[in-house]
Amino acid sequence: MDSCQSSSLELRESVRRKAVELGFDACGFARAEPVGRMAVELYDRWIADGRNDCMDYMARYGEVRNDPRLLLDGAQTVISVALNYYPDRRQPAKAPQFAMYAYGRDYHEVVKERLYRLASFIEENTGCKSRPCVDTVPIRERYWAQRAGIGFIGRNNMLIIPGRGSFFFLGELVTTLDVVPDEPCALSCGDCLRCEKACPGRALQGVSLDARRCLSCQLIERRGDLPEWVAEAVGGRVYGCDTCQLVCPHNHGAMPTEVQDFVPSPELLALTRRDIIEMTPARFRHLFSHSAVRRTRLDGLRRNALIAAKETP
Ligand code: SF4
Ligand code: SF4
């Protein structure tokens with residue numbers, strides 16, 4: 001392997017094997033090119049309708065979001081990877097509920113470490129450069145995962161891997177490596193509406209998620225007071241919401257992750273609502289300084305615990 005211009009299947013498969021060796025559950029390859037017109041129009045309409053709610057950052061850097069080649073000079077390929085986070089242990093049903101993706105160590109750190117190792121493998125073997133992306137640069141993650149053949153975007157807005165479900169983190173390498181792309185995934189939800197019917201905020205009515213009605217967005221992204229409807233819909237949730245994934249039939253056979261970083265600590269599993277309401281900054285740092293939960297900050301987590309169902313211990 002000695003050229004960024006190589007288009008051999010063998011090269012592509014060697015990178016895929018390395019991704020699996022690094023623990024990724026899926027790896028696919030798409031040609032780096034502008035995002036398709038229909039996907040751009042749907043996204044622009046979503047922003048124009050205000051469905052991104054308080055996530056202002058989703059309206060920025062549209063030019064880059066619509067063309068991953070702007071992320072790296074000479075980019076030829078988007079490599080999309082997925083890493084399973086479905087836990088083998090869940091919180092007790094009455095505990096203050098955290099979305100399962102936030103049970104363990106921050107996925108940005110875990111996925112990025114592996115992506116850097118995949119980038120090194122590519123560079124050592126081909127000289128090609130790569131830029132790792134994990135939810136911190138403007139790139140259409142699910143779009144590229146679908147284009148790279150990993151799965152399809154479900155009505156719940158998650159990337160669904162056929163036979164394995166949606167409890168996966170996504171990451172990308174935008175790379176100068178030039179290989180034959182995989183076939184895009186052509187599956188869809190069909191006439192299933194389970195997530196739409198189960199959503200406690202009615203956020204999945206229509207063609208796309210409405211973040212103004214999504215508990216996950218409100219509990220995690222919103223600063224200050226929450227809209228009134230949240231207190232009625234929130235149940236025992238204090239960080240995020242997994243309902244539209246838990247009801248999805250594609251997740252009924254979800255297998256537990258083998259990534260130890262994602263295993264919840266006994267302390268997290270034992271947390272009560274009262275613990276959160278009375279939590280000190282030091283305990284918050286101890287529990288969450290390497291966790292996605294730090295995004296809410298302590299005041300946000302306390303705010304959420306105060307409105308969570310009172311029967312939550
Ligand atoms: S995360 Fe919860 S509130 Fe948001 S769309 Fe899914 S089910 Fe609805
Ligand atoms: S619950 Fe049904 S409609 Fe929703 S994402 Fe899963 S398959 Fe699609």
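Predicted model: local features only at pLDDT ≥ 70, side-chain atom pairs only at ≥ 80, totals over all residues.
User: Which residues are around ligand 2, and what counts as near?

Analyst: A residue is near a molecule if its C-beta atom, placed from the backbone, lies within 6 Å of it. For ligand 2 the residues are Gly154, Arg155, Asn156, Cys189, Cys192, Leu193, Arg194, Cys195, Val247, Cys248, Pro249 and His250.

User: How do you know how the shell around ligand 2 divides by class?

Analyst: Ala, Val, Leu, Ile, Met, Phe, Trp, Tyr, Cys and Pro count as nonpolar, Asp, Glu, Lys and Arg as charged, and the others, Gly among them, as polar. On that basis the shell around ligand 2 has 7 nonpolar, 3 polar and 2 charged residues. The shell around ligand 1 has 9 nonpolar, 4 polar and no charged residues.

User: Which residues come nearest to ligand 1?

Analyst: Of the 13 residues around ligand 1, the nearest are Cys199, Cys214, Cys241, Thr243 and Cys244. Helix H7 (215-221) and helix H9 (243-246) are the elements that give two or more residues to this shell. Helices (H or I, at least four residues) and strands (E, at least two) are DSSP runs, numbered from the N terminus.

User: Why is the protein chain called as compact as a globular protein of that length?

Analyst: The chain has 13 helices and 8 strands. Its radius of gyration is 20 Å, close to the 20 Å that the globule rule gives for 313 residues, so the chain is as compact as a globular protein of that length. The radius is taken over C-alpha atoms, and the rule is 2.2 Å times the number of residues to the power 0.38.

User: What makes domain 1 and domain 2 touch, and how many residues take part?

Analyst: Their centres, taken over C-alpha atoms, are 23 Å apart. The contact involves 27 residues from domain 1 and 28 residues from domain 2; two residues are in contact if their C-beta atoms, placed from the backbone, lie within 7 Å. On the side of domain 1 that touches domain 2, H4 gives the most, with 3 residues.

Definitions and conventions. Residues numbered from 1 in each chain as written. Chains lettered and ligands numbered in written order. Domains from an automatic or database assignment.
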